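Subject: Structure for you to look at

Hello,

Here is the structure I promised to hand over. Please open it beside this email and follow along.

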Amino acid sequence: MITTKGRYALRVMLDLAEQDSEKFVPLKEIAQRQGISKKYLELVLKVLVQNEILNCASGKNGGYKLTRKPSEYTVGEILELTEGTLSIVACLQGENKCERKSQCLTLPMWQRFNKLTYDFFNGITLQDILDEKK
């Protein structure tokens, strides 16, 4: 399940993609447009800044801006940074060593489902979403 953290991160990234890419956008403006508390947004954006998905500047003309073009960000990248994993079952998350892996009849099904999810979200860019809006 994708939590509010992932959904809000995606909303903020789209919000920033619609703004002037040369200027930093104040957190207050983003929060107002998106109807999300500034406090919660700070937590969400911290992960994106740490992973160099966003630039952050403090001070009078500070705020946030994208580090790349909207066409260079995938939805999957953003969701994985904020959610940790998009794997539907624990046995497919990271280095999980399942004792039943060799005899699990459902593992191939979960692997196919995971691949569908991965391919779906990583096949959509921020620009794709913006283009659908037009």
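Below is what was found in it, from the whole chain down to single residues.

**The whole chain**

Keep in mind that this is a predicted model. The chain has 134 residues, and 35% of them are buried. Its secondary structure comes to 6 helices and 2 strands. Read from the N terminus, the order is α-α-α-β-β-α-α-α. The C-alpha trace spans about 60 × 30 × 25 Å along its principal axes.

**The largest pocket**

Next, look for the largest pocket. Its volume is about 170 Å³. Which residues line the largest pocket? They are Met1, Ile2, Glu83, Thr85, Leu86, Ser87, Ile88, Gln93, Phe113, Thr117 and Phe121. By type, the lining divides into 6 nonpolar, 4 polar and 1 charged. Helix α5 gives the most to this lining, with 3 residues.

Two of the lining residues deserve a second look. Ile2 sits in the segment before α1, which covers residues 4–17. Ile2 is partly exposed, because its relative accessibility is 26%. Now find Lys38. Ile2 and Lys38 are 36 residues apart in sequence, and their C-alpha atoms are 21 Å apart in space.

Phe113 is also in the lining. Phe113 belongs to helix α5. Its relative accessibility is 38%, so Phe113 counts as partly exposed. Together with Ile88 and Leu116, Phe113 forms a nonpolar patch on the surface. The accessible area of these three residues together is about 300 Å². Ile88 is likewise named in the pocket lining.

**Salt bridges**

How many salt bridges does the count come to? The count is 4. Here are some of them, one at a time.

Start in helix α2, residues 27–34. There the side chains of Arg33 and Glu29 meet in a salt bridge, at 3.9 Å from N to O. A salt bridge needs the nitrogen within 4 Å of the carboxyl oxygen, so this pair counts. Arg33 and Glu29 are 4 residues apart, which is about one turn of the helix. Arg33 is partly exposed, because its relative accessibility is 40%. Glu29 is partly exposed as well, with a relative accessible area of 37%. The pair also belongs to a network: salt bridges link Asp15, Glu29 and Arg33.

Move on to Glu77 and Arg68. These two form a salt bridge, and their closest N and O atoms are 2.7 Å apart. Is Glu77 buried, exposed or partly exposed? Glu77 has a relative accessible area of 23%, so it counts as partly exposed. Arg68, at 28% relative accessibility, is partly exposed.

Then go back to helix α5. The side chains of Lys115 and Asp119 meet in a salt bridge there, at 2.6 Å from N to O. About one helical turn separates Lys115 and Asp119, because they are 4 residues apart in helix α5. Asp119 counts as partly exposed, with a relative accessibility of 39%.

**Two loop residues**

Finish with the loops. Glu52 lies in the loop between α3 (38–50) and β1 (54–57). What is the phi of Glu52 near? The phi of Glu52 is near 60°, a positive value in a residue other than glycine. Glu52 is exposed, because its relative accessibility is 61%.

Gln103 lies in another stretch, the loop between α4 (75–83) and α5 (107–122). Its relative accessible area is 49%, so Gln103 is partly exposed. The cut-off explains the call, because exposed means over 50%. Gln103 and Lys5 are 98 residues apart in sequence and 36 Å apart in space, C-alpha to C-alpha.

Best wishes

Terms used
Residues numbered from 1 in each chain as written. Predicted model: local features only at pLDDT ≥ 70, side-chain atom pairs only at ≥ 80, totals over all residues. Heavy atoms only, no water. Buried < 20%, exposed > 50% of the residue type's maximum accessible area, 1.4 Å probe, protein only. Patch = residues over 30% accessible without salt bridge, like charges linked within 9 Å, V, L, I, M, F, W, Y side chains within 5 Å. Areas by Shrake-Rupley, 256 points an atom, 1.4 Å probe, with all protein chains shown as cover. 1 Å grid on protein atoms, 1.4 Å probe; cavity = no way out; pocket = protein on both sides within 12 Å on 5 of 7 lines; lining within 4 Å. Points joined across faces, edges and corners; volume = space filled by probe spheres on them. Nonpolar A, V, L, I, M, F, W, Y, C, P; charged D, E, K, R; others polar.
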